[in-house]
Amino acid sequence: MNKKYICIIVVTVVVCAMIYIFLKYQGILPEKTYLSADFNISVIKSEKDCNNNGIDDYTDILLGAKKDAENKPTYKSDSYTIGGYPPDNIGVCTDVIWSAFKNAGYSLKDMIDNDISQNLPLYTNISKPDSNIDFRRVKNLKVFFQRHAQTLTNNIYEIDKWQPGDIVIFGKTYTHIGIISDKRNSKGVSYLLHNSGQPKREEDIIEFIINFNEITGHYRWTNV
């Protein structure tokens, strides 16, 4: 085959691949999603309902994360010296977590601030507590959930062990965090609800992330 035609074919394939990746990133391409029932997996419900709204805590956490995903706050890593909470239109990955917990009736900020005040040596990332930002640091959330939540497998292909509302942390230095969705891909791997500034905040991304950023924490809130 003529080298010119080979070059044209290669360029065409590369361009098509780039277009596909761009459209997928933007969430424009239609995709088939699955639920736990499609894999004969029972969805675990919490025995607790902190806010007494008739919805169990795990479902409330999931729904809170979905609300944040629908809101699509602009990714901006700032601290706020009055109260610590960012405006509704601003957020980072950790803001998905406290807002999801708030939807279930929990003040994650208060719980973390209290735990830090009583167990400061365990929070090696902190030299001096700062209630305006400590609850928005992944490293601090890692310590808190390691202490107060159920620790589960980091193997995403043990699909029955991943449930809606679970918390997952990525990176050896704990660089990203998100909430497990009720959606799954064709392999049964869960979607992730998270904020890294991407257009689509609920996405089939975990398999891609672990190619360069391993899972270092998988937790289920047990209110212990």
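Modeller: The account below begins with a helix pair and then turns to salt bridges. This is a predicted model, in which local features need pLDDT of at least 70 and side-chain atom pairs count only at pLDDT 80 or more, while totals for chains, interfaces and linings use all residues. Residues are numbered from 1 along each chain as its sequence is written, and side-chain values use heavy atoms, with hydrogens and water left out.

Helix H3 spans residues 93-103 and helix H5 residues 138-148; helices (H or I, at least four residues) and strands (E, at least two) are DSSP runs, numbered from the N terminus. The axes of H3 and H5 come within 10 Å and cross at roughly 40 degrees, where axes are lines fitted to C-alpha atoms, for helices over the stretch in contact, and angles run from 0 to 180 degrees between N-to-C directions. The two helices are therefore oblique to each other, given that angles under 35 degrees count as roughly parallel, over 145 as roughly antiparallel, 65 to 115 as roughly perpendicular and the rest as oblique.

From H3, Cys 93, Thr 94, Ile 97 and Phe 101 meet Val 138, Leu 141 and Phe 145 of H5, contact meaning heavy atoms within 4.5 Å.

A salt bridge is a side-chain nitrogen of Lys or Arg within 4 Å of a carboxyl oxygen of Asp or Glu. Asp 95 belongs to H3 and Arg 136 to the loop between helix H4 (108-118) and H5, so this pair ties together parts that are 41 residues apart in sequence. Asp 95 and Arg 136 are both buried, that is, under 20% relative accessible area, with exposed meaning over 50% and partly exposed in between (1.4 Å probe, protein chains only).

Within H4, Lys 109 and Asp 113 are four residues apart and therefore separated by about one helical turn. Their side chains meet in a salt bridge at 3.0 Å, N to O. Lys 109 counts as buried at 9% relative accessibility, and Asp 113 is buried at 18%. A search of the whole structure finds eleven salt bridges.
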